[in-house]
Amino acid sequence: MSTLYRVRDWDRHFENNKSRERDVCAWCPIPNKQDGLGYGRLIRMRDGEAMYGAFMAVVLVASKQKRPRAGWLTDTGRADGVPYDADALSIKTQARAPIIARMLTACSAESIGWIETLVDGAPQVPTKCPPSAIEEKRREEKRREEKEEKRREGKGKEGKASDPRFEVWYETYFRKEKRLQAEAAWKSLTEPQKCKAIMVVAAWCRWKAKADDRSYWPMPASWLNGHRFDDVIPPELAQLCTRCGKEPRRPDSDMGNGCFKELGLGG
């Protein structure tokens, strides 16, 4: 049974913009934070100062590995290299092997969590310890993939609105952009507002087409969020509902029973 050690969060704590550009470093950027809980707990242990010195010596050994460095305590600096045990690290650092062994145990504990331990490739890290830089990168990539998958699913679902009344409004409005945002804006409207939006949208488009360049028309979501259905449309353009051919009714006068019946969208 082989034990593999890795300094946790190597890229975050022991690399900077300069070191990341170098294949081999003759120096190591080391945090100067001496007021953290992990540091305090280690120092208060028996031989804590010696163990801290041993940890820093091990960090310096890992810092001489070739890029990309990830804190693996192996002969190659890679996860598939030959693992360094306490004796090997003692030879590399000239620190006493018992101190190295105690440091590896202490720094792998949940209360400190500076070192990750893997036995035969399986991580043996307390669940409450923060993830390593590599693990965090993998999680971020997974989150990005999931987000992209949801975005693609959303694109694939365009044209399938949950509310058929939205379909009526969207097909009538001139601009066909950012449908998902428009659908979200639609859901935020009250029922009377939705009714009125359907009944005036075609007249609104005819009205604006006479005066404005269509490239300046608001996005569908902006039109809904801005309550543009409340704009005062000239009477000659707002006489008839473009869908049912009947005179538009105010949203507070039982509108929708006539228009929506003819659309087959309501009762």
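## Buried and exposed

A residue is buried when its relative accessible area is under 20% and exposed when that area is over 50%; between the two, it is partly exposed. By this rule Glu116 is buried, and Arg6 is buried too. The model is a predicted one.

## The Glu116 and Arg6 pair

Side chains of opposite charge can pair when their charged atoms come close. In this model, 11 salt bridges turn up across the whole structure. One of them joins Glu116 to Arg6, with their closest N and O atoms 2.4 Å apart. The partners belong to distant parts of the chain, 110 residues apart. Glu116 sits in strand β2 (residues 115-119). Arg6 sits in strand β1 (residues 3-7).

## Two further salt bridges

Arg12 and Asp9 also form a salt bridge, at 3.0 Å from N to O. Their surroundings differ in cover. Arg12 has 56% relative accessibility, so Arg12 counts as exposed. Asp9 has a relative accessible area of 5%, so Asp9 is buried.

Glu191 and Arg165 meet in another salt bridge, 2.4 Å from N to O. Glu191 belongs to helix α9 (residues 191-209) and Arg165 to helix α7 (residues 164-172), so this pair ties together parts that are 26 residues apart in sequence. Glu191 is partly exposed, because its relative accessible area is 40%. Arg165 is buried, with a value of 13%. Elsewhere, salt bridges with shared partners connect Arg6, Arg8 and Glu116 in one network.

## A negative patch

Which residues form a negative surface patch? They are Glu141, Glu145, Glu146 and Glu149. Glu149 is located in helix α6 (residues 133-156). Patch members need over 30% relative accessible area and no salt bridge. Glu149 has a relative accessible area of 48%, so Glu149 is partly exposed and passes that area cut-off.

## Cysteines

A disulfide is a covalent bond between the sulfur atoms of two cysteines. How many disulfides does the model have? The count is 0. Cys28, for one, takes part in no disulfide. The nearest cysteine sulfur to Cys28 belongs to Cys25, 7.8 Å away.

Cys28 counts as buried, because its relative accessibility is 15%. Cys195 is buried as well, with a relative accessible area of 8%.

Methods: Residues numbered from 1 in each chain as written. Predicted model: local features only at pLDDT ≥ 70, side-chain atom pairs only at ≥ 80, totals over all residues. Heavy atoms only, no water. Patch = residues over 30% accessible without salt bridge, like charges linked within 9 Å, V, L, I, M, F, W, Y side chains within 5 Å. Areas by Shrake-Rupley, 256 points an atom, 1.4 Å probe, with all protein chains shown as cover. Salt bridge = Lys/Arg side-chain N within 4 Å of Asp/Glu carboxyl O. Lys, Arg positive; Asp, Glu negative; His and termini not counted. Charge placed at Lys NZ, Arg CZ, Asp CG, Glu CD. Helix = DSSP H or I, 4+ residues; strand = E, 2+ residues; numbered from the N terminus. Buried < 20%, exposed > 50% of the residue type's maximum accessible area, 1.4 Å probe, protein only. Disulfide = S-S within 2.5 Å.
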